[in-house]
Amino acid sequence: MDLLDKIFQAGIVGCGGAGFPTHVKLKAHPEYFIINGAECEPLLRTDRYIMINLADKIVAGADAICENLNIPKAFIALKAHYHEERRALEKAIQKAGSKLQIHLMESFYPAGDEQVMVYEVTGKVVPPAGIPLDVGAVVDNVATVLAVADAVLGQPFTYKYLTVTGEVAKPTVLHVPVGTSFKRCIELAGGALMDHYTIVSGGPMMGKYMSKEDGLKAHVTKTTSGILILSDQSRTAAAHQVDVRHMLNRARSACIQCSYCTQLCPRHLLGHPLKPHKIMRKMALCDHISDLLDDTDIRQAAICCECGICEVYACPMGLQPRTINGLLKGELSRAGIRYERTGDSWTPLDDRPYRKAPTDRTAARAGVLKYNDYEICQCIEDHPKDVEIPLKMNIGAPSVPVVSSGDYVSTGQLIAKCPEGKLGANICASIDGIVRLTDHSVIISG
């Protein structure tokens with residue numbers, strides 16, 4: 001069985017983003033393989049913990065990928081102030097005799113955006129609406145490469161490393177089975193320190209904000225990188241409770257067209273033709289979104305990476321360009337309108353180096369800086385008696401169950417497979433127990 005088959009059988013998807021199936025992403029012949037170790041979201045410590053404590057496996061996974069796919073150049077990109085992480089990786093690289101190189105980056109947000117990272121490492125700009133492979137690169141998160149190292153040893157993707165922090169008694173990194181409840185994860189971090197709070201799956205900038213009630217019902221997926229507990233009165237939590245019409249009314253009355261959202265947009269700084277201030281102006285003055293879908297400026301929303309710099313960091317009026325861009329992306333998709341690229345080369349702005357948003361300042365503007373200064377001394381491993389594993393944890397089609405209610409399964413056993421001929425991923429049992437199927441998940445009770 002070759003490496004891509006092992007990755008497919010293990011059910012590996014991208015751990016640092018939307019969950020693109022890894023066996024498909026690596027079905028290429030790139031010039032560069034880049035491992036994303038920047039962990040640019042404030043508060044999260046998952047990837048940093050992995051790099052310090054599992055550097056040997058990361059290097060082994062990277063070497064396996066480069067050897068099997070014949071990739072000539074390999075880098076792991078991390079922030080220059082990650083001193084302990086760098087030392088661990090350098091030791092592992094030397095020990096393995098690996099060709100993997102360390103690329104140090106400044107501490108800015110979003111350093112971990114794959115298009116930003118590709119430019120930082122290679123000096124090449126990924127085209128608007130393009131992918132790193134367009135310039136000969138493939139980017140994978142460190143946790144994904146760790147899962148590949150496990151797959152080489154015959155171990156399927158059944159456990160996740162994730163951070164639990166914010167308003168909890170003991171901020172920590174957990175290692176838990178896929179399907180573990182958020183409620184259990186919060187308990188392992190000592191419990192919440194307040195009665196009324198918002199739960200965020202992911203980081204404070206790009207994570208999914210949920211009410212306390214919904215969050216406590218959620219479960220760890222293959223892409224869960226963190227669980228944050230934030231006051232429901234915090235700035236970022238409050239912003240996620242504003243409805244779209246109110247956002248547009250505020251933009252109509254308060255947008256001063258300063259263009260800071262555009263000037264600091266990471267994709268605009270790479271030379272992409274994205275101008276959030278123009279989108280906000282046109283959206284604020286329209287009555288029906290459908291009337292604007294043919295507008296060139298509006299269609300640029302399709303290339304927004306939704307990093308949140310525009311609304312959390314840049315806008316002096318507290319408006320929400322990122323949210324509006326996300327709304328427009330959905331409308332454009334439903335209308336069957338794809339972004340049409342013009343031109344064949346893009347040049348970053350000359351003042352890009354001076355417009356990068358420092359990570360600490362970004363955390364401060366997001367209202368989470370007070371949670372950002374902590375160290376992870378240990379990882380808590382848990383073995384819950386029950387898990388609920390969603391059938392859709394990746395870009396593409398949901399997985400198809402191959403077990404029935406009442407079946408007994410063992411850890412690592414295939415319980416749902418990638419649909420034939422579709423983009424998707426396998427799912428393996430993360431604990432031993434009895435299966436109960438629902439329309440959208442596989443519940444296993446030990």
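Buried residues are those with under 20% relative accessible area, exposed residues have over 50%, and partly exposed residues fall in between (1.4 Å probe, protein chains only). The model is predicted: local features need pLDDT of at least 70, side-chain atom pairs count only at pLDDT 80 or more, and totals for chains, interfaces and linings use all residues. Residues are numbered from 1 along each chain as its sequence is written, and side-chain values use heavy atoms, with hydrogens and water left out.

Most residues other than glycine have a negative phi, and most peptide bonds are trans. E39 is not a glycine, yet its phi is positive, at about 40°. E39 sits in the loop between β1 (32-36) and α3. Helices (H or I, at least four residues) and strands (E, at least two) are DSSP runs, numbered from the N terminus. E39 counts as buried because its relative accessible area is 9%. N70, also not a glycine, has a positive phi of about 55°. The loop that holds N70 runs between α4 (55-69) and β2 (73-79). N70 has 66% relative accessibility and so counts as exposed. The peptide bond from Y109 to P110 is cis, with omega near 0°. P110 belongs to the loop between β4 (108-109) and α6 (114-122).

Helix α3 (residues 46-53) contains I52. I52 is partly exposed, because its relative accessibility is 26%. Apart from neighbours within four places in sequence, I52 is in contact (heavy atoms within 4.5 Å) with E84, E85 and A88. The C-alpha atoms of I52 and R87 are 8.1 Å apart, across 35 residues of sequence.

Two surface patches follow. Patches are made of residues with over 30% relative accessible area and no salt bridge; like charges are joined within 9 Å, and nonpolar side chains (Val, Leu, Ile, Met, Phe, Trp, Tyr) within 5 Å. A salt bridge is a side-chain nitrogen of Lys or Arg within 4 Å of a carboxyl oxygen of Asp or Glu. Lys and Arg count as positive and Asp and Glu as negative, while His and the chain ends are not counted. E84, D360, D373 and E375 form a negative patch. E375 lies in the loop between α18 (359-365) and β12 (379-381). With a relative accessible area of 68%, E375 is therefore exposed. A nonpolar patch is built from F20, V24, I395 and L423, with about 250 Å² of accessible area together. Accessible areas come from the Shrake-Rupley method with a 1.4 Å probe. F20 lies in the loop between α1 (3-10) and α2 (22-25).

Technical notes:
Charge placed at Lys NZ, Arg CZ, Asp CG, Glu CD.
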